Amino acid sequence: HHGPEITPDGVVFNLWAPSARSIELLEVGRPPREMSKDADGWYQLLSSTARAGSRYQFRINEDLVVPDPASRFQPDDVRESSEVIDLTTLRDPTPYPSRPWAEAVIYEIHVGSFSPEGSYSGVEKKLDYLCDLGITAIELMPLNDVPGGHNWGYDGVLLYAPNARYGRPGDLKRLLRAAHDRNIMVYLDVVYNHFGPQLNYLHSYAETFFTD
């Protein structure tokens, strides 16, 4: 399981680090705890004290402190601690049926500059304006977290964490629901073929990702 998994007994933290000699979980407010490693290079630890909202990092080889590469949210930028997110609260029980591709009139949006707020809620406030324009679909430029306050999103480091500068994951969910309520489709621009040059630590503990 890639990323933290919330269970009835706490949170299971996972990190694939086949090149690392040791991994410690640094849960904010708790002492460091050594994680166990399996034959496939996965380090794992069940924390009975962690829950949704808990903040954490990993320490590699008793030295390098890194965020979770599978982080779902970085409240204080990519170099700081990750936050455990309850993904079940983000699932919409009513799937949006979409609309025929022939009806697609797409408006590409950079969330940080599309509205004065530069946020998911700012985009949500302008959905009626887009409807009046005849837009039937919006394409959000990459939302993955990146270093710094202003970015196009194409040099992402943490691909599972929507950029905290635009709001929390729940704010993104509300934007999607509001768009679907207006029969507006939402597409996400993604870049999976490279990582950004800053704060990409994967080579430090998963060398085989680049060589095998």
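Helices (H or I, at least four residues) and strands (E, at least two) are DSSP runs, numbered from the N terminus. This is a predicted model: local features need pLDDT of at least 70, side-chain atom pairs count only at pLDDT 80 or more, and totals for chains, interfaces and linings use all residues. Residues are numbered from 1 along each chain as its sequence is written, and side-chain values use heavy atoms, with hydrogens and water left out.

**Exercise 1. Describe the surroundings of Lys173.**

Step 1. Find the residue. Lys173 sits in helix H4 (residues 169–181).
Step 2. List its contacts (heavy atoms within 4.5 Å). Leaving out residues up to four places away in sequence, Lys173 touches Thr89, Leu90 and Arg91.
Step 3. Look for a salt bridge (a side-chain nitrogen of Lys or Arg within 4 Å of a carboxyl oxygen of Asp or Glu). Lys and Arg count as positive, Asp and Glu as negative; His and the chain ends are not counted.
Step 4. Lys173 is buried but has no salt bridge. The nearest side chain of opposite charge is Asp92, 5.9 Å away.

**Exercise 2. Work out the open sheet of four strands.**

Step 1. Strands pair if DSSP finds at least two bridges between them.
Step 2. Read the order: E1-E2-E6-E5, with antiparallel pairing.
Step 3. Strand E1 (5–7) and strand E5 (36–37) each pair on one side only.
Step 4. Follow E1 to strand E2 (residues 10–16). Three bridges pair them in the antiparallel sense, and a hairpin joins them through two residues. Thr7 has Gly10 in E2 as its bridge partner.
Step 5. Continue to strand E6 (residues 42–47). Six bridges join E2 to E6, again antiparallel. Leu15 has Tyr43 in E6 as its bridge partner.
Step 6. Check the cover on E2. Six of its seven residues are buried.

Methods: Buried < 20%, exposed > 50% of the residue type's maximum accessible area, 1.4 Å probe, protein only.
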